Amino acid sequence: DEYTENHTWIPTQKNAMSRFFRKESGPHTEVRFEEALENGEMVDWWYKNGEKMRKYFAVAYISIDKTGQERRDAFYPDYIVRHTDGSIGIYETKSGMTVTSIETKLKAEALQAYISQYGSETLKLRGGIIDAASNSFKINTSTDYRAEIAEQWHPIGF
């Protein structure tokens, strides 16, 4: 990857890359999430996924454009994490109104379908939408994502 002057090298112990560069204008919620991963006892390594390029990990989903038309699309989950139990977590961080958007619902359900389809005893996949708005992180792993249902959200620790 190439980084511009808008990126700063951040020393890390658990990032999968030999050097981690963070965009200076990066969202505060992502910075907090990265700190939680760095300090997490159940994290072997973590990777900040890229965006909108074929070289990054993406999950196929059906999006709805501004005219209401459905179209095949891809979304790039924010983080890929290898946990100490050998499982791989795929996480998309959200906060504020993005937690409740229709786009997040479509992505969340596509991610759960991906985990169900490709996860196995050998490839232990898990993940979901992370609500990073509060001081603690909550995860929603429901196959029928409904952000307004409190029972779908569970504390997540690393």
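Start by selecting Glu 30: leaving aside residues up to four places away in sequence, Glu 30 touches Lys 48, Asp 78, Tyr 79 and Thr 93 (contact means heavy atoms within 4.5 Å). This is a predicted model, in which local features need pLDDT of at least 70 and side-chain atom pairs count only at pLDDT 80 or more, while totals for chains, interfaces and linings use all residues. Residues are numbered from 1 along each chain as its sequence is written, and side-chain values use heavy atoms, with hydrogens and water left out.

Next, show helix H1, where Glu 30 sits (helices are DSSP runs of H or I, at least four residues; strands are runs of E, at least two; both are numbered from the N terminus). Buried residues in H1 include Thr 29, Val 31, Arg 32 and Phe 33. Among the elements covering them are strands S2 (20-23), S7 (88-94) and S8 (125-131).

Then pick Phe 33, Leu 37 and Tyr 91, which touch the most other members of the 14-residue largest nonpolar core (a set of buried Ala, Val, Leu, Ile, Met, Phe, Trp, Tyr and Cys residues joined through side-chain atoms within 4.5 Å). H1 (28-39), S3 (43-48) and S6 (79-83) each supply at least two residues of this core.

Last stop: apart from that core lies another, of 13 residues, including Tyr 47, Val 59, Ile 88 and Ile 115.

Conventions
Buried < 20%, exposed > 50% of the residue type's maximum accessible area, 1.4 Å probe, protein only.
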